[in-house]
Number of protein chains: 2
Amino acid sequence: MRASPTYNDVVAAEKRLDGFATQTPLLTSPLLNERCGGRIFLKAENLQRTGSFKFRGAMNAITALMEEGKDLRSTGVLACSSGNHAQGIAEAARLRGVKATIIMPHDAPAIKVMRTRRSGADVIFYDRACEDRDVITAENTARLKAELIHPYNHPLVIAGQGTSGLEAANVFEEQGLVPDRVLACTGGGGLSAGIGLVIKEHFPKALFHTVEPIGFDDYKRSLIAGEVLENEKTIGSVCDAILTPSPGGISFSILKDYADEGLTISDEEALSAVAFAFHELKTVVEPGGAAALAALLSGKVDVAGQTILAVLSGGNIDQDMLMRALSEA
Amino acid sequence: MRASPTYNDVVAAEKRLDGFATQTPLLTSPLLNERCGGRIFLKAENLQRTGSFKFRGAMNAITALMEEGKDLRSTGVLACSSGNHAQGIAEAARLRGVKATIIMPHDAPAIKVMRTRRSGADVIFYDRACEDRDVITAENTARLKAELIHPYNHPLVIAGQGTSGLEAANVFEEQGLVPDRVLACTGGGGLSAGIGLVIKEHFPKALFHTVEPIGFDDYKRSLIAGEVLENEKTIGSVCDAILTPSPGGISFSILKDYADEGLTISDEEALSAVAFAFHELKTVVEPGGAAALAALLSGKVDVAGQTILAVLSGGNIDQDMLMRALSEA
């Protein structure tokens, strides 16, 4: 059993990602600052290789496992994902000369299938309506003898996602800035836990907020309860990238005594943030990737006079969803 | 008569813009590098305040004129523009407590009118079909006794635009990089001349290319001829932001013995670059602002193994044009 990741694992991950991951910018906007009344820095992981932070965790996991002697070039890797983790694993595997197999629902957006395949991954489809994802995944993992890389409940994945926070923390320190609050879009919590490890170390006084869709607030409720609680449903939000059944056990163990109040946003608020990002920030964000921005724009937390770090976690939005966001806003 | 701007004027402009202009990031993309075969850095002026580099020149001009004793708070400023210069002047004027009046064609895109007005500017419309823009501008300048700020043929505007190049040059030097080529989207040449002043100083061996729409290649032809030549037409390209009758005299005097071959791109190449920026760079660029990227993507110049600086000059694209770009690509 691999131990829960620490701050030093994030530092080690950053070295592994050097030259492969994009050092994404911290976007700022006078208009956003005026609107929120604080000083907002957006860590633009939508500009990351593959269009989301997921490449970081995937690349760290594959690289570290190979360093540890796992012969991934023989076994290959396997992931189950309809979206950003799929692309992250596929691209990281390509860069490391490893074969990737991705289990995807047959109704996954065509653009995400295309982007996963163009990184060279094999895609195996299953039918959400009549097949069990976990069974399909287990069968294929056994058949291929491949290394299964979980999208969030994996110490190396969490450490990799944390590098986005480490890059941001380094820029803050270079500029003499200290965040009052940090907001992260949260599904299973891999990104949030990774960033949490960094913020705890660099800025121990900063408040840390998970941000989830209303109705999918498993993290918020779990933090209150002090134990892992499940969502009643896992579909039915535009924020597809951050819908998970429950917090990952590892990420929750990192965040449970550390994270502050969990925030939630509606579909309308997420879409409105997508439109704001398009019109005013000139950046392309998917609804789930805009959750933290949505929380700021809709005033879910008071940031008056504060310095804020928020993550734009992904930008893999299809054309129809963007149109919906622009027309509803 | 104010002298032609120098490198030192750009340095002075950068100080004036400090705290007002956004220090825009240099975007990079492994996919873009692979596709072009070079190492590409995109100066993201689409992320500038008001959505284009035009804020830089506007803010520098208004600030410098006030420093010189012009009582702009009494006279106000005036500009004639249907687009990005309008927004730049309106926002710079607002920040300096100066009244701005903008002469716009009555068929200017609604979004650009809205964005100009929300910065507090008065908008005066004219009919392109039956009214003469220059006459309307002269009449209103005289009537209001306002300071007319030309969109590109103005030394302070050129110096301001050059700050985008200065920021990029500083980052290149910090990272030990030297550009082999620099590509700038070019209309009247204010941006190109400003950046040219900087590149000449910091990286004298770099080749400098203007990029224009096919059929609106006044700069390219003027550079070959060694004198200012006019375009036959000034409408009829999707690159509305960079359509001008001819090179500005001041910018041309800066670039005529310095710029290398002018490049040209088609509407299809510009729209394809807009779509590439959307899908792969997750950034929102207007067709004219994507001209330099379009030249790279369509191989207008050989960049194999080279380090390239190219400007994304603006992102004020309306929804219909984006849809057109995404559907045609």
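At what angle do the axes of helix 1 and helix 8 of chain A cross? The close-up views below come from a predicted model.

**View 1. Helix 1 crosses helix 8 in chain A.** Helix 1 covers residues 7–17, and helix 8 covers residues 155–174. Their axes come within 8 Å and cross at roughly 90°. Angles of 65 to 115 degrees count as roughly perpendicular, so helix 1 of chain A is roughly perpendicular to helix 8 of chain A. From helix 1, the contact is made by A:Tyr7, A:Asp9, A:Val10, A:Val11, A:Ala13, A:Glu14 and A:Leu17. Helix 8 contributes A:Ala159, A:Gly160, A:Gly162, A:Thr163, A:Leu166, A:Glu167 and A:Asn170.

**View 2. Helix 5 packs with helix 6 in chain A.** Helix 5 spans residues 84–95, and helix 6 spans residues 110–118. Here the axes come within 8 Å and cross at roughly 15°. Angles under 35 degrees count as roughly parallel, and these two helices of chain A are therefore roughly parallel to each other. The crossing of helix 5 and helix 6 is left-handed. A:Asn84, A:Ala86, A:Gln87 and A:Ala90 of helix 5 make the contact with A:Lys112, A:Arg115 and A:Thr116 of helix 6.

**View 3. An open sheet of 6 strands in chain A.** The strand order is 1-2-10-7-8-9, and the pairing is mixed. Strand 1 (26–27) and strand 9 (263–265) are the edge strands, each pairing on one side only. Within the sheet, strand 7 (residues 181–185) and strand 10 (residues 307–312) of chain A run parallel. They are joined by 3 bridges. A:Arg181 has A:Ile308 of strand 10 as its bridge partner.

**View 4. Helix 10 lies across two strands of chain A.** Helix 10 is formed by residues 218–225.

**View 5. An arginine over a phenylalanine ring in chains A and B.** In chain A, the charged end of A:Arg96 sits over the ring of A:Phe20. The distance to the ring centre is 4.5 Å. In chain B, the charged end of B:Arg96 sits over the ring of B:Phe20, 4.6 Å from its centre.

**View 6. An aromatic cluster in chain A.** The cluster is formed by A:Phe41, A:Phe172 and A:Phe203. Over all chains, the count comes to 8 aromatic pairs, with ring centres within 6.5 Å as the cut-off.

Key: Residues numbered from 1 in each chain as written. Chains lettered and ligands numbered in written order. Predicted model: local features only at pLDDT ≥ 70, side-chain atom pairs only at ≥ 80, totals over all residues. Heavy atoms only, no water. Phe/Tyr/Trp six-rings, centres within 6.5 Å; stacked < 30°, edge-to-face > 60°. Lys NZ or Arg CZ within 6 Å of the ring centre and 35° of its normal. Pairing = 2+ DSSP bridges. Helix = DSSP H or I, 4+ residues; strand = E, 2+ residues; numbered from the N terminus. Contact = heavy atoms within 4.5 Å. Axes fitted to C-alpha atoms, helices over the stretch in contact; angles between N-to-C directions. Parallel < 35°, antiparallel > 145°, perpendicular 65-115°, else oblique. Left-handed = near helix turned anticlockwise from the far one by under 90°.
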